Amino acid sequence: MSLTTQTKDPLLARLMRAPGLLPALTFAILLIVWEASTWLFAIPTYILPGPSRIIGGFDAVPFARWVEHIWATLRVAMFGYVVAILVSLPIAVGLAKSEFMSRAFYPLLVVIQSVPVVAVAPIIIVVLGTDDAPRVLITFLIAFFPLVVSMTAGLRATPPELIELSRSLRAPAYREITQIRLPFATPFIFSGLQISITLAVIGAVVAEFVAADAGIGYFIQFSTSMFRLPEAWAGLTLLVAMSLVLFQSVGLVQKLFMPWSLPQK
Amino acid sequence: MESAQDAITFADIGQTFATRTGPLTALSGVDLAIKRHEFVAVLGPSGCGKSTLLRLTAGLVKPTDGTVSVFGVPVTRPRDDVGIVFQQATLLPWANVEDNVAFPAKHMRGRISQQDRDVAKDVIAKVGLAGFEKRLPRELSGGMQQRVGIARALFRNPDILLMDEPFSALDALTRDQMGYELLDLWQSSPKTVLFITHSIPEALLLADRVVVMGARPGKIIADYKVPLGRPRDERTLRATEIQDLASELRDLLIAKETS
């Protein structure tokens, strides 16, 4: 008897513990308040469309055209992301292993990172033309720096004893990287990969703002120029969803293939 | 002073490191000869360069002055007959116990053969972890992790075992237990052990000889034979003949810490 009466309302207590329920509830309330206030205060749709109007915005464009836009943005974001990973890995290995490399190249990387990529984007488009290449480059420039930083930090975070163990075994030098440093850097690399994948989406959208004939960024700009705000908001919603899915996918890959690298519960 | 049966000899070793504030003399005029299968504990305050002695023997650092020899051969690079146990177990968190123990094989040759696995299973059993071969390090207690660290050092069946405060991160009870087990291991397959420690009781319990170091610069200030027979157990440290030596060591260390 005493055990069952510990909580006043066991059903409510159990619901509160259900994963994701509380944030979902918060989100739902926010949507209701949003919808209600657009009606209540008669806010014009070009200032702030309510959620129902935004859902309507999805209908204004044929499904096939949406797929086309999503694919254009996703393609550039993923391409730039992969290039960023491939480029940042050797740079990070160099920076982590060699004090000379670190002193010679790190300031240059900081300068590159400090360049506002949005401002350089038009120049890149003029130089490289209007196909995917300049957009991939812009995405790469936005996404690669956090990767370099997190990978370098990770490669440097290896316990020094294991490096000594490696030296005491007189193993080939590359195995210190592949068998010790890189696996140890995994948690760092994955946090970099997660930050970077959302930046890659931003990069693709920035590139589309400058020059594109498809893509969600292009679509948002086109819709706003026509004052079709619900459609622009629909595009924005898709971008948010895309970023979230990509971010979670990186986390899922880590959970599936490298569960040991996650913090212990 | 160098004899054929010496496993490790330090001849007039000086060690200077370059630091931000100028050169730092870590060791100066260190002479020490350790016999084959002798268990030597090096006792000293922090910063006395006792870990440097270990790294010199392992061939991980070169002495600024003097020569370190193992079995009469000057150490110029890491040797195959030396195993190291660190203060922290420093295992690979993604690899199970067996793969951690056999890691030296994987690191040297790129893969772990069936023979390596058999050897690994054997040393795992020796450190009392039979049945835990497939566990991940995070599933083990601190003491068990350090057993894996010891097993990894024993994997190549080294003649010389270098131990850098291996039990100092463990709780007191586990620490004692690990000490007794190390003695059992050492008795059943004798090795030359250079054991770095902060702890006087630990040094007295384990070692044939206790070498005391002073700091700044690090040098040997005393060298005692431990007047105890073997095997040793829980009663060993209560023996009256050891009390005088323990307090003498304590006085030496305290004098060094405060001077």
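Which are the buried residues of H1(B)? In this predicted model, they are Lys50(B), Ser51(B), Thr52(B), Leu53(B), Leu54(B), Leu56(B), Thr57(B) and Ala58(B). Helix H1 of chain B spans residues 50–58 and is mostly covered, with eight of its nine residues buried. The residue that follows H1(B) is Gly59(B), which has a positive phi, near 80 degrees.

Chain B also holds an open sheet of four strands, ordered S2-S1-S4-S5 and paired in antiparallel fashion. Because strand S2 and strand S5 of chain B stand at the edges, each with a single partner strand, one side of each is left without a neighbour in the sheet. Strand S4 of chain B is joined to S5(B) by two bridges, the two strands running antiparallel, and Ser69(B) has Pro74(B) in S5(B) as its bridge partner.

| Strand | Residues |
|---|---|
| S2(B) | residues 22–35 |
| S4(B) | residues 65–70 |
| S5(B) | residues 73–74 |

In chain A, Pro183(A) is placed in helix H9, which covers residues 173–210. Apart from its neighbours within four places in sequence, Pro183(A) is in contact with Leu92(B) and Trp94(B). Its C-alpha atom is separated by 9.1 Å from that of Gly154(A), which is 29 residues away along the chain.

Chain A is divided into domain 1 (10–40) and domain 2 (51–261), and the centres of these two domains, taken over C-alpha atoms, are separated by 32 Å.

Note on methods. Residues numbered from 1 in each chain as written. Chains lettered and ligands numbered in written order. Predicted model: local features only at pLDDT ≥ 70, side-chain atom pairs only at ≥ 80, totals over all residues. Contact = placed C-beta atoms within 7 Å. Domains from an automatic or database assignment. Buried ≥ 20, exposed ≤ 12 C-beta atoms within 10 Å, placed from the backbone. Pairing = 2+ DSSP bridges.
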